Amino acid sequence: MNDLTLPEPITAYFAADLMDAHAVARCFTADGRVLDEGRTHLGRAAIEAWKAAASTRYRYTTTPRRLEKHGEAYVVTSHVSGDFPGSPVDLRYTFTLKRGRIAMLEIAP
């Protein structure tokens with residue numbers, strides 16, 4: 001994952017992304033929210049379903065390359081490559097953290 005020093009909840013998210021949807025969902029607060037591809041996924045169960053669906057459609061790797069802090073948000077630019085249309089692509093993962101977990105994640109080009 002490069003030499004980036006990411007906040008622990010964000011490091012946990014990218015590690016969980018290599019495992020399974022349940023591990024990803026555990027990185028979020030109970031009322032956590034994911035905004036991805038124009039859809040909102042609210043709560044751990046919805047986040048787990050979102051991640052499971054994405055994992056069955058595509059195989060990919062994510063390499064965080066840059067970290068920026070904007071107010072309360074952490075923006076991680078990651079290189080994502082796999083078997084999805086438009087691969088490879090650099091995506092911006094914007095994380096908002098709360099009590100050691102992810103409260104919100106927005107994924108955008």
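**Entry 1: K51**

I looked up K51 and found this residue in helix 3 (helices are DSSP runs of H or I with at least four residues, strands are runs of E with at least two, and both are numbered from the N terminus). This is a predicted model, in which local features need pLDDT of at least 70 and side-chain atom pairs count only at pLDDT 80 or more, while totals for chains, interfaces and linings use all residues. Residues are numbered from 1 along each chain as its sequence is written, and side-chain values use heavy atoms, with hydrogens and water left out.

Is K51 buried or exposed? K51 counts as buried because its relative accessibility is 4% (buried means under 20% relative accessible area, exposed over 50%, partly exposed in between, with a 1.4 Å probe and protein chains only). Leaving aside residues up to four places away in sequence, I see K51 touching D17, A21, V24 and Y60 (contact means heavy atoms within 4.5 Å).

**Entry 2: the second largest pocket**

The lining residues divide into six nonpolar, one polar and four charged (Ala, Val, Leu, Ile, Met, Phe, Trp, Tyr, Cys and Pro count as nonpolar, Asp, Glu, Lys and Arg as charged, and the others, Gly among them, as polar).

For my own record, a pocket is an open set of points on a 1 Å grid over the protein atoms alone, where a 1.4 Å probe fits, with protein on both sides within 12 Å along at least five of seven lines; lining residues have an atom within 4 Å of a point. A volume is the space filled by probe spheres set on the points.

**Entry 3: the largest pocket**

How much space lies in the largest pocket? I noted about 430 Å³. The lining has 20 residues, and D36, E37, Y58, F84 and L91 are the closest to the centre. Helix 3 (44–57), strand 5 (89–98) and strand 6 (101–108) each give two or more residues; the largest share, four residues, comes from helix 3. The lining divides into 14 nonpolar, one polar and five charged residues.

Next I traced the open sheet of six strands, which has the order 2-1-6-5-4-3 and mixed pairing (two strands pair if DSSP finds at least two bridges between them). Strand 2 (39–42) and strand 3 (60–70) are the edge strands.

Strand 3 and strand 4 are antiparallel, with ten bridges, and R66 has T77 in strand 4 as its bridge partner. Eight bridges join strand 4 (residues 73–82) to strand 5, again antiparallel. Strand 5 and strand 6 are antiparallel over seven bridges. I marked Y93 in strand 5, which stands opposite V76 and opposite I107 in strand 6.

**Entry 4: the turns**

Which residue in the turn between strand 4 and strand 5 has a positive phi? It is G86, at about 85°, in a hairpin with six residues between the strands. In the hairpin of strand 5 and strand 6, with two residues between the strands, R99 takes a positive phi near 50°.
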